[in-house]
Amino acid sequence: MTLKQLRYFLAIVRSELNISQAARGMHVSQVAVSVQIRMLENELSAPLFVRRGTKMTALTETGN
């Protein structure tokens, strides 16, 4: 787990689960944020977000 991953996670939460908005706010690409979040979820062996297609709709229990 890295500080970058935690910052990206927090940016997504603060942007109301909008990964594109979080990426713009962090001045990075959406892909960069997505990759780091997937790495964090893999390390934790649990999803952090409930996903519906390409949208994040809520935090999972792990994400809370």
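**Helix faces and the nonpolar core**

Val31 and Asn42 are exposed (over 50% relative accessible area; buried is under 20%, partly exposed in between, with a 1.4 Å probe and protein chains only), and they sit on the face of α3 turned away from its buried side. The model is a predicted one, with local features needing pLDDT of at least 70, side-chain atom pairs counting only at pLDDT 80 or more, and totals for chains, interfaces and linings using all residues. Residues are numbered from 1 along each chain as its sequence is written, and side-chain values use heavy atoms, leaving out hydrogens and water.

Helices (H or I, at least four residues) and strands (E, at least two) are DSSP runs numbered from the N terminus. The buried set of α3 is made up of Val33, Gln36, Ile37, Leu40 and Glu41. These cover an arc of only 135° around the axis (taken from the directions from the helix axis to the C-beta atoms), which puts them on the same side of α3. Their cover includes α1, α2 and β1, counting contact as heavy atoms within 4.5 Å. With 15 residues, α3 reaches 21 Å from first C-alpha to last, close to the 21 Å expected at 1.5 Å a residue; the expected span is 1.5 Å times one less than the number of residues. Just past α3 comes serine 45, with a positive phi of about 55°.

Over in α1, Gln5, Tyr8, Phe9, Ala11 and Ile12 are the buried residues. Down the axis of α1 they fall within an arc of 160°, so they line one face of the helix. Leu3 and Arg14, on the other side of α1, are exposed. What covers the buried residues of α1 includes α2, α3, β1 and β2 (55-59). Glutamate 16 follows α1 and has a positive phi, near 60°.

Now for the core. A nonpolar core here is a set of buried Ala, Val, Leu, Ile, Met, Phe, Trp, Tyr and Cys residues joined through side-chain atoms within 4.5 Å. The largest has 14 residues, of which Phe9, Ile12, Val33, Ile37, Phe49 and Met56 touch the most other members. At least two residues come from each of α1, α2 (19-26) and α3 (30-44), with α1 giving the largest share, 4 residues.

There is 1 aromatic pair in the structure. Phenylalanine 9 and phenylalanine 49 form it, tilted, at 5.4 Å centre to centre with 45° between the planes; ring centres must lie within 6.5 Å, and planes under 30 degrees apart are stacked, over 60 edge-to-face, the rest tilted. Helix α1 (residues 3-14) holds phenylalanine 9 and strand β1 (residues 49-52) holds phenylalanine 49, 40 residues apart.

How values were computed: Rings of Phe, Tyr and Trp (its six-membered ring) pair if their centres lie within 6.5 Å; planes under 30 degrees apart count as stacked, over 60 as edge-to-face and the rest as tilted.
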